[in-house]
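Please look through the sequence and the 3D structure shown here before reading on.

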Amino acid sequence: MACRRGGGHGQPTLATLSRVSPGSLSTCRTHTHNICMVSDFFYPNMGGVESHIYQLSQCLIERGHKVIIVTHAYGNRKGIRYLTKGLKVYYLPLKVMYNQSTATTLFHSLPLLRYIFVRERVTIIHSHSSFSAMAHDALFHAKTMGIQTVFTDHSLFGFADVSSVLTNKLLTVSLCDTNHIICVSYTSKENTVLRAALNPEIVSVIPNAVDPTDFTPDPFRRHDSVITIVVVSRLVYRKGTDLLSGIIPELCQKYQNLNFIIGGEGPKRIILEEVRERYQLHDRVRLLGALEHKDVRNVLVQGHIFLNTSLTEAFCMAIVEAASCGLQVVSTRVGGIPEVLPENLIILCEPSVKSLCEGLEKAIFQLNSGTLLTPENIHNIVKTFYTWRNVAERTEKVYDWVSMEAVLPMDKRLDRLISHCGPVTGYIFALLAVFDFVFLVFLRWMTPDSIIDVAVDATGPRGAWTHQCSHSEKGGENNEMSKTR
Amino acid sequence: MMCTQPITNTKEAKWQKVLYERQPFPDNYVDRRFLEELRKNIYARKYQYWAVVFESSVVVQQLCSVCVFVVIWWYMDEGLLAPHWLFGAGLASSLLGYVLFDFIDRGEGRKKSGRTRWADLKSALVFITFTYGFSPVLKTLTESVSTDTIYAMSVFMLLGHLIFFDYGANAAIVSSTLSLNMAIFASVCLASRLPRSLHAFIMVTFAIQIFALWPMLQKKLKACTPRSYVGVTLLFAFSAFGGLLSISAVGAILFALLLISISCLCPFYLIRLQLFKENIHGPWDEAEIKEDLSRFLS
Amino acid sequence: MVLKAFFPTCCASADSGLLVGRWVPEQNSAVVLAVLHFPFMPIHVKELLAQVQQASQVGVAVLGTWCHGWQEPNESLGPFLEGLGAIFPHEPWLQLCRERGGILWSCKVTRLQAPAVPDTPREDQVMLIFYDQRKVLLSQLHPPAVLPDHQAGDATASASGLAAVFDTVARSEVLFRSDCFDEGPVRLSHWQSEGVEASILVELAKWASGPVCLLLAGLLSLISAASTCRVFRMWPLSFLGSKLSTCEQLRCRLGHLTLVFSPQKAESPTQLMRKANTLVSVLLDVALGLALLSWLHGKNRIGQLADALIPVADHVAEELQHLLQWLMGVPAGLKMNRALDQVLGRFFLYHIHLWISYIHLMSPFIEHILWHVGLSACLGLTVALSLLSDIIALLTFHIYCFYVYGARLYCLKIYGLSSLWRLFRGKKWNVLRQRVDSCSYDLDQLFIGTLLFTILLFLLPTTALYYLVFTLLRLLVVAVQGLLHLLVDLINSLPLYSLGLRLCRPYRLAAGVKFCVLEHETGRPLRLLMQINPLPYSCVLHTYRLPSCGCHPKHSWGSLCRKLFFGELIYPWRQRGDKQD
């Protein structure tokens, strides 16, 4: 495992390498990478993609790579910020169009992104989430600039309606010359391969992870005189809130000692409130409203059973978190959920009120008869499943493969676009790619790469500040210092 | 380009579609079972040609309604049709339709909806009174607006009526309220062009009959006696064609072609296109909630 | 660490003696206030210092010695001065010297408690800063306004240091009371005020001001008590009182006068400044008013004005009639509903007819009214202007009426149309959830709704045009009134006294200081001259602007346009429900 790294990075990485389970893959790392994570979704926005990017970047930095993150400005948060371990985040001044995704004209982001890529000497662009316009823009520009690209898909799409046909076409274009794609579950991989018409060989499956130390059981927090079912999700249609509104009255009438705790906010909250009013369940159904991520554990440990009613899910982090807190999980059998937990930890049901009620009743019966595993046991099993270090190690392997590939020259790229994306779309986007290239040439003429100064890493020139960093880190992990550009 | 992977013990270990176990395969491993849960066209319906033709008659009916309305308006505007005649005919057909409406299903629908005859009478009175009261206003309403504007607006509104009409499809665009309102708007616009306020009154009443009441009767006819429904549709189509023929031969022919293409060609084309259907389904699809969950809230 | 010694320029030529001042340990600086001359008895000096300290709450002490070289170039003074350090123990002990015709300055600092390593004597660098004692005493330091973040830290630190210096000088005013001609046990050298010639007049004024203030304050309180009496609280009067700008202005002036003549002493300089500003503003106002009065009452101008007014009002009414007739035809080629147009037009014409007859009924009395109104100018120009604004409001009452009718009609239509448009789309406004819900209407509801919608839609342009024209007229009137109010506000709230002070005595309002280098040589203390930066005019305005009174609404342009679009009434006064924006 001889790994050559930049000076001064050695100490933390060695410690982690010994902890990584050696079973899976051999390491063939030869050098470190300069990785740029691009997504519209990052802190202060909260969600699965955001924490994935953050945790992955932290672990990659720990392993000696240089990672920067590019996202769009969130209100007053703009310019450059540094997070823990010198993780540099660019908040670009791009207009937000819908749902925190930026508007795209395909070209307007090129000057900024090119400047960042050159300045940071980026070798690999890693885009996240197919909902993020900025991620697709970055893939497109990176190919124009001849940089290797990786894309992580976090969501599932159907094929049935007009809108998904259009978005799938765009994804085909966007991913047609991306070097490697990462999906979070096998179902997600099948879905992405079909949507973007990809060669399945260039799609890797690397699951999300959960920090098991954040989600530890605490059996004293729950009252054993009643059975508490916990639901933590956004209250929207896709998360199956309508199913929940059917389950609550059904089960509450059947079991008198059953309580519900529901965390999360969303447009469907009103139907839950209506159900609660209609059946006079104010003392048994608690609606907590929006939860911060740090409060989730405190809510989870109050329950015995975790219920997930999602109608579609690529990789359900919530059930892993719940299982890590020692809860019995009852979930719908949709998307990648059956792959996430072994059968003895989860009860899978069809997405209908009847089936979910049966599943919950089974869980309640097991609970009453004492055949369930204890929370500590569940936690001890689950904590070995998903760790960020493992994710980072596997992602790193993808980077290693990608960095050895050759970048397609412009003519090959156009050929590929035309042959791969269908006649009409192919020609349109080939034309756009040409425009992008011309624009890039123009930009290079305006400000040549040579006069763009190289950014100093947070580790200092040639890693000179690393020691100080590792000392000061201990004080405040999440301290974040801002810097005016 | 991929790194060499130690695929030595692949033979012994069988690949599982699970994420929680570290398996001795590379991350980009593609198993034989890849995409085995893929299904195609599981919800595709097989169509029968004549059944589709029968269903398309709703569209034909609505087109004919609009056509008949325009033809009648033209006659009124030209002074070829006395308003009394139209009123008489409308009243007679309305009464006939009313009786027929209850007669077809022996009053079962009325029992189910719980609507009394007194409510019907009240509605009718409201229609008549308001239309009669407002007809002088309607008469002078648009006199300063140019005729072309009115025509354009009416055409636009009638087209909207046809687009948003509830043909039985379950789509987001359908809104029977909007459709009916657009038709009424168009009829008010057109009625305001007529020479006298009595004309306007009768025109608006007629619009109510043909756009609001006639589709209700049609729906019931179609549900209860499909045979007679086909007959009525044919009769209605021919009368619309005849009416249009008396105004403009070219228009009538075009209209006939439109009707034929909708009722015969379009179903044929639909069935042909079904052969090319390729709808992909799999575990990634968003699950549908099949139950009626509103019962928990009622 | 550099030791800063602030030294008054007026003492630069004083005889040798002791330095009296205050030591500010946080800033490591010594503020010299005066020089105490020989000969003296140490006990007397200590008494004096104790007195000053008690009166001013400033830790005044003997900081060191001062030696002026031209007096007698003998060496015997040196050890004597050093010996004084034992009598007046102070840490550190300053020894300031000016030698050889005042060109060479030297300063030595000795610390009694020897530093830890005696071999390396601590060479405290001394910076000698000269300041004009008079200016610093009189000036009022304004803390800097909010600075951009990155400078804030430094700026506040230096500002607090300066503030300490200014504060020390200002508070030890007691020390400067003693005159140089006083025969006391100790002789001090410091800034002396020169202007004592008018002191008798000043004293007289001071002596008289107390009773006069009391008398006036009593009078004013009587007036304000009368104005709050119950009769004025009754409905029409209170309403009028709150809407007429004259009443508002009178009330505001009453408040000003009460403030000026209140027998309480102003506590802070800001309050004092405010009083002075108010007084000057009132005086100027009355002066301008009297000028106006004399102009008006000379050469029968009132009569001319009255004669001109009636034709103008007639003319306005005539123009309005023409406008209405134009609207009743085909205005600008717009397609109006003829019937509604005629109805509205006739209605408004009748109003104008009423108005003209009213004006003619009034015409004989106009001159008298104007004459009496003119008298009000002696209360001040602002009152006269407010009265003018009220008269304009009264004379354009017809325009106001038209506007209200038009706006109400338009508003009704807009609201009707918006709710019927929802019905047209099969939606309705859910009041409980504050959102638009879909709703299934009955057939007859739909029919009537659409019928009304169509009718309202086709009638909307007619109403909208009337509304637009009358709103424009109304806005014109409101703009004229707004200008008058602006003028009144300007006179009311302009801090004239502060501005005058800034113009004539710029140092009185200090924004900060700047330093000029007098001498910079190695081996000698750096000598700086501290000069006072005057406050910029914009800051003066911002800081001392009197609160504007009155009831004028503060519309933002956006909310104004919104209100105009939805046909809500706009008033030149503040409504009860209005939000302040």
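In chain A, strand β11 (residues 227–232) runs parallel to strand β14 (residues 305–308), and two bridges join them; helices (H or I, at least four residues) and strands (E, at least two) are here DSSP runs, numbered from the N terminus, and two strands pair if DSSP finds at least two bridges between them. Within β14(A), Ile305(A) is the bridge partner of Ile229(A). The model is a predicted one, in which local features need pLDDT of at least 70 and side-chain atom pairs count only at pLDDT 80 or more, while totals for chains, interfaces and linings use all residues. Residues are numbered from 1 along each chain as its sequence is written, and chains are lettered from A and ligands numbered from 1 in the order in which they are written.

The two strands belong to an open sheet of six strands in chain A, with the order β13-β12-β11-β14-β15-β16 and parallel pairing. Its edge strands, each pairing on one side only, are β13 (285–289) and β16 (346–349) of chain A.

Turning to the contacts between chains, two residues are in contact if their C-beta atoms, placed from the backbone, lie within 7 Å. The contact between chains A and B takes 51 residues from chain A and 30 residues from chain B. On the side of chain A that touches chain B, at least two residues each are supplied by several elements, among them α6 (186–196), β10 (203–205) and α14 (388–404) of chain A. The contact between chains C and B takes 19 residues from chain C and 22 residues from chain B. On the side of chain C that touches chain B, α11 (338–362) and α15 (443–493) of chain C are the elements that give two or more residues, and the largest share, ten residues, comes from α15(C).

Some backbone details of chain A remain. The peptide bond from Tyr43(A) to Pro44(A) is cis, with omega near 10 degrees, and Pro44(A) is placed in the loop between β1 (34–38) and α2 (48–62) of chain A. Lys85(A), a residue other than glycine, has a positive phi near 60 degrees, and is found in the loop between β3 (79–83) and β4 (87–92) of chain A. Arg121(A), also other than glycine, has a positive phi near 55 degrees, and lies in the loop between α3 (110–119) and β7 (124–128) of chain A.
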